[in-house]
Amino acid sequence: MRLSIYLSLLPVCSLLFSCKENAGAEAARHPDSVHACMQVPARFPQKDSSTPVLSSGDTSTANMVLIPGGTFAMGADTNQANADEYPKHEVTVSAFYIDRTEVTNAEFEKFVRATGYITTAERKPDWEEMKKTLPPGTPRPPDNQLVAASLVFKQTQGAVDLDDYGQWWAWVPGADWRHPEGPGSTIKGKEDYPVVQVSWFDAMAYCKWAGKQLPTEAQWEFAARGGLINTIYPWGNEHVNAGKPKANTWEGKFPYSNDKKDGYLALAPVKKFAANGYGLYDMAGNVWEWCSDWYDAAYYKRANRHSIDPKGADKSNDPSEPMMPKRILRGGSFLCNDSYCSGYRVSRRMRSSPDTGLEHTGFRCVKKV
């Protein structure tokens, strides 16, 4: 991205220069990755200054599914896969409970009412933290940019350069979980929609209050596979756009023309598409889901041939942005399309800074047996 554009859209910090520089070589290795270098931009980086949260004391497993322990082959199942999905390796996970759906607006509102929690998007960014992850000498943005805000998707009028993410992401003051598209938008009447515009810190705070955890990347993938072996999607191998709609994704030409064959332009309520073999909804599409793990591009290469309940890397390692720590996201979203981001594949790994909230990012929780 040109420096002038970068500075004008400074909060989209994951749109740094390495993506375009590496796109050609990466595309030659993995067809999906020329436009998949970073689909999830980052908000202004800042440390976790979340409102302290106490557990609610709830020990129930209502609206959760018990996933039996088992062993599976974790990693790439198709030539669409990126380098960080290789090699496929054997993983064993112990039994655990997982939410049947993404955490909804109604559930998150209950948490906020009980705790008074203030999300990342509702707080002013901290320039002192932000500049630690930016190139030396990056100028301080103007005060009117350093305000409570978040990133909102803006459909373009026509075809654009898919390496220039600033074309469809906008830094919108006043965008937060209650106003996911900015001032004037609302979640009223959308209580059964997944909560979005939540950072990894926000998701962790909710989990603490609910007596749960974020899933590890291994737990998430095992659950997403729904008991199927080495298939591409949670429902099997039938292409996402073949047959009846199976997930909320971008059907058409991204990011300007959506055919809405699945019935939705943007977010969908939970449980609108068939569950996978474990009875879990939206393990593909609708919203990206936070996992507990640090992102490490080379983690699979260093993993044991047979890992038991892996917790992921000890620290973040994203060669494209070594200064910016990243956490794992899984599952894809309503913006995913094969021409840009096949995030609905069960092995697909994505990453973003833990302070990031976006219009297509949410989470679900797990609980120990």
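Buried means under 20% relative accessible area, exposed means over 50%, and partly exposed is what falls in between, with a 1.4 Å probe and protein chains only. I start my notes with that, then the ground rules.

I am working with a predicted model, where local features need pLDDT of at least 70, side-chain atom pairs count only at pLDDT 80 or more, and totals for chains, interfaces and linings use all residues. Residues are numbered from 1 along each chain as its sequence is written, and side-chain values use heavy atoms, with hydrogens and water left out.

**Entry 1**

I then looked up Lys260 and found a phi near 55°, a positive value in a residue other than glycine. Lys260 lies in the loop between S8 and strand S9 (288–294); helices (H or I, at least four residues) and strands (E, at least two) are DSSP runs, numbered from the N terminus. At 44% relative accessibility, Lys260 is partly exposed. Asn63 has a positive phi too, near 60°, and I found Asn63 exposed at 58%.

Next came the cis peptide bonds. One joins Tyr86 and Pro87, with omega about -5°, and Pro87 sits in the loop between strand S2 (70–74) and strand S3 (89–93). Another runs from Phe254 to Pro255, with omega near 0°; Pro255 is in the loop between strand S7 (252–253) and strand S8 (257–258).

**Entry 2: the cores**

I took a nonpolar core as a set of buried Ala, Val, Leu, Ile, Met, Phe, Trp, Tyr and Cys residues joined through side-chain atoms within 4.5 Å. The largest one has 51 residues, and Phe108, Trp168 and Phe254 are among those touching the most other members. Helix H5 (200–210) is one of the elements that supply at least two residues, and H5 gives the most, with 8 residues.

I checked Phe108 for contacts, meaning heavy atoms within 4.5 Å. Leaving out residues up to four places away in sequence, its partners include Val103, Trp177, Tyr206 and Phe363. A second, separate core holds 24 residues, including Ala223 and Tyr295.

**Entry 3: a sheet**

Which order do the strands of the open sheet follow? I read S2-S3-S10, 3 strands with mixed pairing; strands pair if DSSP finds at least two bridges between them. The edge strands are S2 and strand S10 (306–308). S2 and S3 are antiparallel over 5 bridges, and Gly70 has Val93 in S3 as its bridge partner.
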